[in-house]
Amino acid sequence: MTDLNPQAKQMADESMVRNLDAQARAIWPQEIPLLCRYALPAVPRILDAGCGTGEAASRLAELFPRAHVLGVDIVDHHLELARGRYASLAPRLTFEHQSIFELKATDRSFDLTVCRHVLHSIPHADHVIAELVRVTRRQGYVHLIPEDYGMLHFQRAPLDPWDFWHQVPASFGERTGTDLFIGRNVFGILAAMKLEEIKVDYIVVDTVRVPRETFAAILEAWRDGYAESIGELTPISRESAVAYFNQMIANIRDPHGYAAWMVPVVSARVP
Ligand SMILES: C[S@@+](CC[C@H](N)C(=O)[O-])C[C@H]1O[C@@H](n2cnc3c(N)ncnc32)[C@H](O)[C@@H]1O
């Protein structure tokens, strides 16, 4: 049977807590206008599926001050952190242990269903998207950030980062039964499900829009959390992975350097 959580170790690592913090700081300012487009009721019900440490769930509760936000995840340590950090937003903001493969909610429960940075890390992403759509009400919205590791661009130096991004996600995905290029595939999944108003927008995490230290912190967390499994699952050794990451981090920190991560945001309305 396919492992439904092949990145369990990385998701529970302390580097992931750092990563989610840096990713939210990098991405959220550009995500707010996308979220504000949705026609939501006065007291919206929002689900954050695979909420991690609650970075987005808490920001959603602040952005929509009357909303009821439920964050679900399967890593209890993340949920405990989230409950502790955002206690002041309870009971409007709650966190529960639930798998996004089998949500407890009845059909059509939420006005907005959010799933950020999860779909690339699990197999059967189409099943999970169907589950997210099931719990979203008619005319409600799904708001997805499906990562795509073909959308990262760094300058060449002694190493060519293209070689890394060309080899690692393909091999890692093959070995874990996941699609690390899912960003470009979600449009078709939603279209096949006959969802309406499908939009693909991009958040640009680059060295012009995002503080260099914030962008560098994401790459540092990836290096610390993933170099070992890259060594085990792909043709690139652990040492080589660390060297690639260190060069990309130096590229970001170089005041004259430029690097960009295109983050797709795919949304749609449930008919
Ligand atoms: C990269 S984190 C993203 C966290 C959060 N969405 C954010 O944007 O900060 C991915 C999260 O998905 C969770 N996850 C993975 N498989 C899951 C499942 N089957 N059900 C619920 N959560 C899951 C992981 O535990 C992890 O916390």
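1. Leu 93 is found in strand S3; helices (H or I, at least four residues) and strands (E, at least two) are DSSP runs, numbered from the N terminus. Leaving aside neighbours within four places in sequence, Leu 93 is in contact with Ala 57, Ser 58, Ala 61, Val 69 and Tyr 86, where contact means heavy atoms within 4.5 Å. Val 204, by comparison, is 111 residues from Leu 93 in sequence and 28 Å away in space, C-alpha to C-alpha.

2. A word on the model itself. It is a predicted one, in which local features need pLDDT of at least 70 and side-chain atom pairs count only at pLDDT 80 or more, while totals for chains, interfaces and linings use all residues. Residues are numbered from 1 along each chain as its sequence is written, and side-chain values use heavy atoms, with hydrogens and water left out.

3. Next, please look at helix H4, which covers residues 76–85. Which of its residues are buried? They are His 78, Leu 79 and Ala 82. Seen down the axis of H4, these buried residues fall within an arc of 100°, so they line one face of the helix; the arc is that of the directions from the helix axis to the C-beta atoms. On the other side of H4, Glu 80 and Gly 84 are exposed. The buried residues of H4 pack against helix H1 (8–12), helix H2 (14–35), strand S2 (68–73) and strand S3 (93–97).

4. The loop between H4 and S3 holds Pro 91. A cis peptide bond joins Ala 90 to Pro 91, with omega about 5°.

5. Now the ligand. There are 19 residues around it, and Gly 50, Asp 73, Ile 100, Arg 116 and His 117 come nearest (a residue is near a molecule or strand if one of its heavy atoms lies within 4 Å of it). A nitrogen atom of the ligand lies 2.6 Å from a backbone N or O atom of Gly 50. The side chain of Asp 73 has an N or O atom 2.6 Å from an oxygen atom of the ligand, and a polar side-chain atom of Arg 116 lies 2.5 Å from an oxygen atom of the ligand. Taken alone, the ligand exposes 600 Å², and the protein buries 98% of that; accessible areas come from the Shrake-Rupley method with a 1.4 Å probe, and for residues only the protein chains shown count as cover.

6. How many salt bridges does a search of the whole structure find? The search finds 19, a salt bridge being a side-chain nitrogen of Lys or Arg within 4 Å of a carboxyl oxygen of Asp or Glu. Side chains of opposite charge can pair when their charged atoms come close. One of the salt bridges is between Glu 228 and Lys 9 (3.8 Å, N to O). This pair links distant parts of the chain, with Glu 228 in helix H8 (residues 212–233) and Lys 9 in helix H1, 219 residues apart. Glu 228 is partly exposed at 44% relative accessibility, whereas Lys 9 is exposed at 57%.

7. Two further salt bridges lie within helices. Asp 21 and Arg 25 meet at 3.0 Å, N to O; both lie in helix H2, 4 residues apart, about one turn of the helix. Asp 21 is partly exposed at 28%, and so is Arg 25 at 41%. In helix H3 (residues 55–63), Glu 55 and Arg 59 are also 4 residues apart, about one helical turn, and their closest N and O atoms are 2.7 Å apart. Glu 55 counts as buried at 7% relative accessibility, and Arg 59 counts as buried at 17%. Elsewhere, salt bridges that share partners join Glu 14, Arg 18, Arg 223 and Asp 224 into one network.

8. Arg 25 has another partner to check. The side chain of Thr 214 makes a polar contact with the side chain of Arg 25 at 3.4 Å (a polar contact is a pair of N or O atoms within 3.5 Å; within protein, one must be able to donate a hydrogen and the other to accept it, and residues adjacent in sequence count only if both atoms are side-chain atoms). Thr 214 lies in helix H8 and counts as buried at 8% relative accessibility.

Definitions and conventions:
Buried < 20%, exposed > 50% of the residue type's maximum accessible area, 1.4 Å probe, protein only.
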